[in-house]
Amino acid sequence: ARMVQPSYLNALLVCFVLLLNVPTVFQLMRQQSKVDATVADFHKMREELLMLQGKVDSIAESLTQSRRAAEKALDAITETKQAGSDEKHAVLSALATIMDELAKQQDLLKKQEQEQEQLKKEQDLQKQQELQKQLELQELQKQLELQELQKLQEQLKQERQKQGLTNATPEVECKDNDLPNVTFVICHRNRGDRLLTLMDQIAQQRLKQGNCRMSLLVVDFHSINIDLPTVLPLWEQKTGVKAILIDINEPDKPFRKAYGLRKAVDYLNDHNGDIMFTIDVDMAIPDDMVAAIRKSTAKGSKGFAPMCFSTYEGKPAVVAPENGWWRDAGFGNVGFYVSDGVRANVYVSDLKKTDWGEEDFNAVQSLQQVGVHVERYQMRDFFHIWHPKVDWRESLDGIKKDAPAPN
């Protein structure tokens with residue numbers, strides 16, 4: 001019993017002591033819980049730190065790889081730059097060589113241009129000399145033609161005196177007594193050689209075709225290389241074709257085609273003219289021209305403007321591409337009834353002109369406005385013969401300003 005009692009007392013003592021320390025124990029337990037929570041947070045933070053460390057290590061590895069790649073790229077750039085520098089140097093060297101060659105070529109070209117310019121000057125001088133010679137030859141030729149024409153006129157005068165007017169006119173069987181009269185109208189100035197040639201062809205309309213109802217009207221602007229007041233009566237006597245001269249004796253004024261053509265219209269209207277056909281002095285006509293004019297014109301309704309074939313310089317009057325071209329533009333050769341021309345006031349709008357140009361086209365338009373249709377087609381054996389161009393705008397006489405350019 002003595003042994004148990006102390007143990008019991010000890011136990012009670014311990015219990016008492018524990019009871020006394022219960023608050024402390026609970027406090028310790030709470031602290032232990034906090035410590036455990038703190039430890040848990042620490043472990044969690046440690047895990048997060050480990051994960052973050054893993055990410056940091058991954059980023060560091062990526063940075064390391066990127067650095068290495070950048071170092072390689074830098075090395076490649078350095079090598080490329082070095083190679084580019086070498087290539088640039090080579091290119092610059094090549095460019096320098098090319099520039100030197102270009103400079104040499106420019107010097108050579110400049111020298112060639114100087115030589116060509118010198119050669120051109122020499123050629124121009126030679127051309128001017130040749131042109132001057134050509135003009136002198138043309139002037140000499142004109143003088144010779146004038147002399148020959150004067151001789152011919154003198155011979156015709158002598159022949160007229162010997163034979164008389166009645167014996168000089170050839171007999172022709174007229175085949176057009178009931179047909180309208182056709183008058184060829186020519187505006188002329190100092191083209192005597194061509195005028196005589198065309199007059200011969202017009203005469204064939206009577207001599208070969210028996211066209212007696214036809215005539216020639218020349219409006220002359222003070223020509224000095226042909227004596228028309230003498231030539232035309234002799235030609236009329238020789239051919240039997242009536243020849244009419246309207247002399248525009250105004251030597252101080254230039255050639256005015258519209259003015260001359262209107263003079264012809266008024267004259268024929270006053271003298272009961274039927275059909276008039278204006279024709280350029282440089283034309284060659286077929287033998288049946290008068291018949292074609294009559295066939296292609298009708299009073300009050302139809303006119304006629306045939307297309308001619310214009311020859312090149314030195315080429316024959318043969319229709320072929322190498323010899324010339326069809327003049328599908330221009331109405332310099334046009335036929336119509338005189339009464340229709342009066343009704344349409346042809347050439348009146350161009351009377352104030354002091355030169356020539358567009359009056360033929362304007363006349364055709366005037367005819368069409370009053371209901372006269374102008375027929376047009378390529379006419380067989382109807383040619384415009386090449387001749388040196390005469391600048392009528394710069395020359396009063398049409399001779400002194402000849403220029404060797406095709407018309």
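Analyst: Residues are numbered from 1 along each chain as its sequence is written, and side-chain values use heavy atoms, with hydrogens and water left out. Because the model is predicted, local features need pLDDT of at least 70 and side-chain atom pairs count only at pLDDT 80 or more, while totals for chains, interfaces and linings use all residues.

User: Why is strand 7 called largely enclosed by the rest of the structure?

Analyst: Buried means under 20% relative accessible area, exposed means over 50%, and partly exposed lies in between (1.4 Å probe, protein chains only). Strands are DSSP runs of E with at least two residues, and helices are runs of H or I with at least four, both numbered from the N terminus. In strand 7 (residues 307-311), 5 of the 5 residues are buried, so the strand is largely enclosed. Met307, Phe309 and Thr311 point one way while Cys308 and Ser310 point the other way, and all are buried.

User: How do you know that strand 7 pairs with strand 11 and with strand 8?

Analyst: Two strands pair if DSSP finds at least two bridges between them. Strand 7 has 3 bridges to strand 11 (residues 378-384), and these two run parallel, with phenylalanine 383 as the bridge partner of phenylalanine 309. Strand 7 also has 3 bridges to strand 8 (residues 324-326), where the two run antiparallel, and threonine 311 stands opposite glycine 324.

User: What makes the contact between aspartate 176 and arginine 294 a salt bridge?

Analyst: A salt bridge is a side-chain nitrogen of Lys or Arg within 4 Å of a carboxyl oxygen of Asp or Glu. For aspartate 176 and arginine 294 the N to O distance is 2.7 Å, and their side chains meet in a salt bridge. Aspartate 176 lies in the loop between helix 3 (165-168) and strand 1 (182-188) and arginine 294 in helix 7 (residues 289-295), so the pair ties together parts that are 118 residues apart in sequence. Aspartate 176 has a relative accessible area of 0% and is buried, and arginine 294, at 13%, is buried too.

User: Why is glutamate 117 called partly exposed, and what links glutamate 117 to lysine 121?

Analyst: Glutamate 117 has a relative accessible area of 44%, so it is called partly exposed, and lysine 121, at 49%, is likewise partly exposed. Their side chains meet in a salt bridge at 3.9 Å, N to O. The two are 4 residues apart in helix 2 (residues 22-163), so about one helical turn separates them.
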